[in-house]
Amino acid sequence: MVVRDISAQEWKQIAAASPAFMASEVPPLEVPHWLLRPARMIKATFEAPDRASAWYKRQVSEVSPAFAAHHDKDPSRQAEWFATADGRLRWGGDVVGGWYLRGTGFVSVQVVACSPNRIRPTIPCPMH
């Protein structure tokens, strides 16, 4: 679903007007808004969907032993997540995952498409 969008210049002005938004590492309300954050917040970039999918799988696998919910540690459940993420990335979609960790922690792993993003196509890619 593509929603009404504004120009790339307007997106840049909105982001620049909010230093707290630009400095925050908390996930934004809309996944494509990650593209407005400073490029220094980018952990990795990929041209090929399979490489982005492999990165997502590695990130989730590294933190999964600390997941609070036992069912989230289940290898078959994780295999389903990874297959879904792979399929979504292949058609240019975003992938979002978030899990509570033992104690009071929370981890969010997100892959945001920028070629352009399907939901907010006028947000400029931070690497361009």
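This is a predicted model: local features need pLDDT of at least 70, side-chain atom pairs count only at pLDDT 80 or more; totals for chains, interfaces and linings use all residues.
I started with the cysteines and found a disulfide joining Cys-114 to Cys-125, S to S 1.7 Å (a disulfide is a pair of cysteine sulfur atoms within 2.5 Å). By that rule the count comes to one disulfide. Cys-114 and Cys-125 both sit in the segment after β2 (106–111), 11 residues apart.

Numbering runs from 1 along each chain as its sequence is written, and side-chain values use heavy atoms, with hydrogens and water left out.

Which hand does the disulfide have? I looked up the torsion about the S-S bond of Cys-114 and Cys-125: it is about -125°, so the disulfide is left-handed.

Next I checked burial (buried means under 20% relative accessible area, exposed over 50%, partly exposed in between, with a 1.4 Å probe and protein chains only). Cys-114 is partly exposed at 21%, while Cys-125 is buried at 15%.

Then I moved on to the helices (DSSP runs of H or I, at least four residues, numbered from the N terminus). The axes of α3 (residues 49–63) and α4 (residues 75–90) come within 9 Å and cross at roughly 150°. Axes are lines fitted to C-alpha atoms over the stretch in contact, and angles run from 0 to 180 degrees between N-to-C directions. α3 and α4 are therefore roughly antiparallel to each other (angles over 145 degrees count as that).

Last, I listed who touches whom, with contact meaning heavy atoms within 4.5 Å. Residues of α3 including Tyr-56 and Val-60 meet residues of α4, among them Trp-81 and Phe-82.

How values were computed: Helices (H or I, at least four residues) and strands (E, at least two) are DSSP runs, numbered from the N terminus. Angles under 35 degrees count as roughly parallel, over 145 as roughly antiparallel, 65 to 115 as roughly perpendicular and the rest as oblique.
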